[in-house]
Amino acid sequence: MNHLNAFVSVVIPTYNRPYPLAELLESLNRQTYRHFEVVVVNDGGERVDDVVALYPELDVHLIHCRDNVGHVEARNIGVKAAKGELVMLCDDDDLLLPCHMEQMVAEMNNADFVYSDVEIFHYRTENGQRIPTDRFLFAYEYDREAMRKFSTYVPSGSLYRKSIHDHLGYFDRNVHHYWDWDFFLRVSGSFRVKRVATASVLYAFADDGDNLSRQMDDKRRMYLNRLSEKHGLGILPMKNFWLLLDEPEVKKRRAKSKIVWDGKPIISRLWRLKHHV
């Protein structure tokens with residue numbers, strides 16, 4: 001099947017991050033591929049109607065959860081509401097470069113699930129605007145067996161056939177932090193997976209932020225054990241994310257990738273409106 005004009009549903013769970021969400025919508029509005037909808041699932045947070053209204057060019061389906069159901073279930077709600085034959089996942093604080101969707105759709109002609117390399121960027125925040133302070137290429141060869149020890153899959157920007165859920169079900173709330181690793185292992189066991197060697201996704205990592213990768217607690221260990229038991233992964237390490245990247249087995253998987261980001265921040269209409277720019 002030719003997917004060059006496939007309809008894509010971009011599913012975004014969000015919770016009390018209006019400025020980053022506005023930056024993501026700005027990045028979606030800059031996409032060269034235009035045949036898509038955006039499903040924003042507000043997970044019981046402050047209203048984001050005004051943020052969405054700033055981008056009338058986008059076809060946005062906004063779902064408000066009365067209660068905070070958690071980021072995994074919020075994604076499930078969004079995927080179930082998606083109208084596209086293809087689903088693209090994205091966290092509300094990550095960004096997609098203009099070429100991203102077009103390239104990913106093109107790669108679907110001989111795959112069921114594609115994911116790209118990313119650039120991780122640290123930032124400081126000035127009046128609601130994120131200013132990148134440094135960047136790090138996150139690009140690793142796809143090796144399913146190695147992925148059982150350390151996941152190099154970043155869900156933001158990944159694209160797959162919605163019909164996969166008919167076979168595998170939805171995202172597993174029981175593994176919480178590791179829902180993406182779990183989904184990747186489930187998908188790669190039955191479907192054609194491809195890594196796209198272009199760093200067209202920007203993954204936000206705040207030095208003072210609330211990234212789940214920073215949480216080193218008993219609850220996280222519990223979820224990691226659940227993931228391990230589900231897939232027979234053995235005892236998995238709980239080291240800091242950056243320390244894990246320095247492990248010899250992970251370092252030898254590093255790969256080359258096409259860099260497309262000019263390093264500039266993405267300035268949203270919300271920020272311009274609030275600062276009269």
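The sulfur of cysteine 65 lies 18 Å from the closest cysteine sulfur, that of cysteine 90, which is too far for a bond, a disulfide being a pair of cysteine sulfur atoms within 2.5 Å. Cysteine 90 is in no disulfide either, since its nearest cysteine sulfur, in cysteine 99, is 14 Å away, and a search of the whole structure finds zero disulfides. Cysteine 65 is buried at a relative accessible area of 12%, and cysteine 90 is buried at 2%, where buried means under 20% relative accessible area with a 1.4 Å probe and protein chains only.

This is a predicted model, in which local features need pLDDT of at least 70 and side-chain atom pairs count only at pLDDT 80 or more, while totals for chains, interfaces and linings use all residues. Residues are numbered from 1 along each chain as its sequence is written, and side-chain values use heavy atoms, with hydrogens and water left out.

An unreviewed UniProt entry annotates residues 9-168 as "domain: Glycosyltransferase 2-like", an annotation that may be inferred rather than shown by experiment. Over residues 9-168 the chain is 28% helix and 32% strand, helices being DSSP runs of H or I with at least four residues and strands runs of E with at least two, numbered from the N terminus. Helix H7, residues 179-188, is mostly covered, with ten of its ten residues buried, among them Trp179, Trp181, Phe183 and Phe184, as well as the charged-side-chain names Asp180, Asp182 and Arg186.

Terms used. Buried < 20%, exposed > 50% of the residue type's maximum accessible area, 1.4 Å probe, protein only.
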